[in-house]
Amino acid sequence: MTAAEGFRAPMAIDGGELEGRVAIVTGGASGMGLATTHALARRGATVMVLDLAAPGRAELASTLDVAASLLRSVAVDVTDGDELQRAFASLLEERSRLDILVNAAGIAPPTPFEDITAAEWNRVLAVNVHGTFLCCRLALPAMRGGGWGRIVNFSSTAGKTISTAGGAHYTTAKHGVLGLTRHLAKAYGPDGVTVNAVCPGLIDTPMARSVLPDGALERAAESFPVPRVGEPWEVAELVAFLVSDRAAYITGAAVDINGGDLII
Ligand code: NAD
């Protein structure tokens with residue numbers, strides 16, 4: 001399943017709420033990042049997608065059915081500080097503001113602990129944690145300068161317990177994302193910047209399909225209180241709320257969205 005084939009739009013979104021806002025979504029070319037790009041652009045935000053697999057702007061606009069003028073798309077590895085610096089600088093030069101950062105880029109190799117090499121360990125920590133750190137560091141000066149900002153970091157149920165499919169490096173990384181989120185929330189709340197994490201359970205994305213064998217997602221979800229796999233747009237709706245003015249009093253939170261998985 002390609003990212004574009006896997007994309008399903010949610011029920012109608014009422015527009016306008018994020019008009020004038022400027023956002024960056026890492027990992028915005030697939031799965032929940034792609035759905036978040038859709039949710040923010042549909043509400044009027046300009047969204048720059050930063051992804052290893054960045055699609056062209058026209059292709060992205062056609063997949064999401066939003067105006068191409070609201071979209072930017074740059075091929076970036078979130079572990080590369082120089083590439084990130086150039087991408088953030090180009091958006092800031094063009095729009096002179098950055099209001100929203102969503103860190104959704106991630107990898108979750110399902111490697112058993114005894115087979116994890118030091119290189120693979122470092123790569124999983126680099127993409128999931130170091131990339132999030134680098135993007136937060138680049139975004140915060142502009143947000144603080146504007147007196148308003150929203151950061152949403154993708155953790156996981158793996159950040160609260162252990163991963164269903166990913167390895168120990170992934171579980172460790174998603175715990176790390178929560179630590180970073182809480183630290184930044186405490187530090188920058190007085191500047192008008194909220195920093196939250198979302199902790200999705202099993203969501204139907206190319207990542208989940210690639211790390212679990214056929215049918216395993218559905219079987220795992222059968223025992224959930226809401227007995228099905230989650231949809232990317234359901235997580236994107238949560239992110240869209242967290243980056244809105246309506247969520248101004250929520251910061252440092254690690255919000256579960258998992259069909260009730262964790263209460264079992
Ligand atoms: P996905 O694989 O569909 O999308 C992830 C995107 O990140 C891809 O477009 C990929 O190209 C990009 N990416 C990977 N490494 C990158 C790098 N170094 N630089 C830039 N971009 C990079 O995955 P998804 O399931 O939508 O995952 C989104 C986030 O949610 C991830 O952080 C993941 O760990 C987390 N998560 C996923 C699930 C799930 O069930 N799918 C559950 C909990 C948390």
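Modeller: Exposed means over 50% relative accessible area, and buried means under 20%. Keep in mind that this is a predicted model.

Biologist: What makes serine 96 count as exposed?

Modeller: Its relative accessibility is 64%, and the cut-off is over 50%. Serine 96 therefore counts as exposed. Serine 96 sits in the loop between helix H4 (81-95) and S4. Its phi is near 55°, which is a positive value in a residue other than glycine.

Biologist: Why is aspartate 65 called exposed?

Modeller: The relative accessible area of aspartate 65 is 56%. The label asks for over 50%, so aspartate 65 is exposed. Aspartate 65 is found in the loop between helix H3 (57-64) and S3. Its phi is positive, about 55°, although aspartate 65 is not a glycine.

Biologist: How do you know that the span of helix H5 agrees with its number of residues?

Modeller: The expected span is 1.5 Å times one less than the number of residues. H5 covers residues 118-146, which is 29 residues, so it should span 42 Å. The C-alpha atoms at its ends are 41 Å apart, which agrees.

Biologist: Where is the kink in H5 centred?

Modeller: The kink is centred on alanine 126 and is about 45°. After H5 comes glycine 147, with a positive phi near 70°.

Biologist: What is the order of the strands in the open sheet?

Modeller: The seven strands run S3-S2-S1-S4-S5-S6-S7, and their pairing is parallel.

Biologist: What makes strand S3 (71-75) and strand S7 (254-257) edge strands?

Modeller: Each of the two pairs on one side only. Neighbouring strands in this sheet are turned against each other by 15° on average, direction ignored.

Biologist: How do you know that strand S2 (residues 46-51) and S3 count as a pair?

Modeller: A pair needs at least two bridges. Five bridges join S2 to S3, and the two run parallel, so S2 and S3 meet the requirement of at least two. In one of these bridges, methionine 48 has arginine 72 of S3 as its partner.

Biologist: Which strands does H5 touch where it packs on the sheet?

Modeller: H5 touches strand S1 (22-26), strand S4 (100-103), strand S5 (149-154) and strand S6 (193-200). The direction of H5 makes about 175° with that of S4. Helix H9 (residues 232-242) also packs on the sheet, touching S4, S5, S6 and S7. The direction of H9 makes about 165° with that of S6.

Definitions and conventions
Residues are numbered from 1 along each chain as its sequence is written. This is a predicted model: local features need pLDDT of at least 70, side-chain atom pairs count only at pLDDT 80 or more; totals for chains, interfaces and linings use all residues. Side-chain values use heavy atoms; hydrogens and water are left out. Helices (H or I, at least four residues) and strands (E, at least two) are DSSP runs, numbered from the N terminus. The bend at a residue is the angle between axes fitted to the seven residues ending there and the seven starting there. Axes are lines fitted to C-alpha atoms, for helices over the stretch in contact, and angles run from 0 to 180 degrees between N-to-C directions. Contact means heavy atoms within 4.5 Å. Buried means under 20% relative accessible area, exposed over 50%, partly exposed in between (1.4 Å probe, protein chains only).
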